[in-house]
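Trainee: I would like to go through this model and ask what stands behind each label.
Mentor: Go ahead.

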Amino acid sequence: SRQIQLTSYPEGLPTLDNFELVETELQSPGENEFLVQNEWLSVDPYMRGRMREGESYVKPFQIGEPMEGACVGKVVESRHPQYSEGDYVLGNQGWRDAWLSEGTGVMKVDPEAVPLQAYLSILGMTGMTAYVGLLKIGELKEGDRVFVSAASGAVGSIVCQIAKIHGCFVVGSAGSKQKIDWLKEKADIDAAFNYKEVDDVSARLKELAPEGIDLYFDNVGGDHLQAALDNLNDFGRIVSCGMISTYNDKSPQPGPDNLFKIISRRLRMQGFIVRDHDDIREEFQIRMTEWIQAGKMHWEETVTTGLEKTPQAFIDLFHGSKMGKAIVKVSE
Ligand code: NDP
């Protein structure tokens with residue numbers, strides 16, 4: 001089988017040289033094992049955090065080992081009592097075309113309910129991140145004025161729509177005209193701007209949300225966080241989900257110079273990691289499925305075809321060239 005291994009840790013932006021496609025021999029399943037043929041893989045910004053030595057919130061990827069990540073595949077051979085040929089499963093053995101499992105960390109998924117790759121986006125980790133971050137960490141309230149960065153992305157696009165379902169006023173920022181059009185027309189948010197075309201994110205946010213904001217869902221950090229701090233109302237909340245603008249920094253950027261707003265405006269800022277919230281996975285799946293079936297959710301996917309193109313699909317996350325969730329279809 002084929003797999004993509006990490007050959008070196010990137011310095012700054014990852015490049016194709018950091019990865020290598022390797023052929024390996026895969027055994028047939030032993031007793032209590034099954035063999036999965038991957039169909040869809042996920043590439044995610046958090047993976048960049050695992051491509052360096054030292055502590056992050058997940059252990060680093062190892063040089064010379066296959067990359068990992070969420071994937072959906074079909075059981076093609078089984079000697080396991082609970083998994084049969086033809087079952088579809090969600091696992092964490094991405095970046096390869098096949099894998100053996102004893103069932104640990106694997107969940108069966110229903111290929112009839114939604115297109116299979118939705119288990120990597122809206123019904124998977126990124127949809128759940130939006131749900132947990134906004135409702136549980138952000139304690140979203142009806143009528144809140146919400147600002148979302150990377151608003152057309154896998155997490156951001158779902159955050160925007162959950163906030164709209166709750167009757168909120170929503171402003172989003174994203175990096176292209178196509179993304180801004182999508183946010184206004186499909187996600188139906190109240191205002192959106194292309195941060196690449198403004199000199200002053202804070203001033204633009206003030207124009208679009210003259211009454212201020214109550215909640216900032218941060219995917220980006222940097223100048224967006226600074227702008228949010230400038231515009232948050234008393235008792236506002238910041239949900240720190242990600243800081244993608246810093247992931248490829250070779251040395252740390254200066255922090256916001258307006259942190260005193262946290263005190264003067266009595267703000268609350270809280271980070272979270274989605275995998276700590278498995279207790280609400282079932283609730284999330286039920287409610288999200290209801291919203292999808294009621295036609296209340298739109299989501300985009302950018303599909304790259306071919307396992308060998310996975311590194312490029314991953315690198316593109318940092319160039320903003322993909323709409324919605326970036327996923328890889330393993331083969332034609
Ligand atoms: P996205 O689908 O949003 O893809 C990344 C997007 O980020 C790009 O498309 C690009 O869009 C934007 N971006 C890239 N570089 C910059 C930059 N320098 N400044 C501003 N925007 C930039 O990814 P996800 O939805 O998967 O992830 C969004 C965030 O959520 C990330 O920060 C990620 O780390 C975080 N996350 C956190 C989790 C948690 O448990 N806390 C779980 C999952 C994700 P554009 O064209 O708009 O610039």
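Trainee: What are the helix and strand percentages over residues 14–328, and how far apart are the end C-alpha atoms?
Mentor: The chain there is 25% helix and 24% strand, with the end C-alpha atoms 18 Å apart. Helices (H or I, at least four residues) and strands (E, at least two) are DSSP runs, numbered from the N terminus. This is a predicted model, where local features need pLDDT of at least 70, side-chain atom pairs count only at pLDDT 80 or more, and totals for chains, interfaces and linings use all residues. Residues are numbered from 1 along each chain as its sequence is written.

Trainee: Which feature does UniProt list for residues 14–328?
Mentor: The unreviewed UniProt entry lists "domain: Enoyl reductase (ER)". Such annotations may be inferred rather than shown by experiment.

Trainee: Why is Leu225 called buried?
Mentor: A residue is buried if 20 or more other C-beta atoms lie within 10 Å of its own, exposed if 12 or fewer, and partly exposed in between, with C-beta atoms placed from the backbone. Leu225 has 24 such neighbours, so Leu225 counts as buried. Leu225 is found in helix α6 (residues 222–231).

Trainee: What is Leu225 in contact with, leaving aside its neighbours within four places in sequence?
Mentor: Asp218 and Pro256. Contact requires C-beta atoms, placed from the backbone, within 7 Å.

Trainee: How many residues surround the ligand?
Mentor: The count is 28, and Gly153, Ala154, Gly175, Gly242 and Gly320 are the closest. A residue qualifies if its C-beta atom, placed from the backbone, lies within 6 Å of the molecule. Helix α3 gives the largest share, 3 residues.

Technical notes. Contact = placed C-beta atoms within 7 Å.
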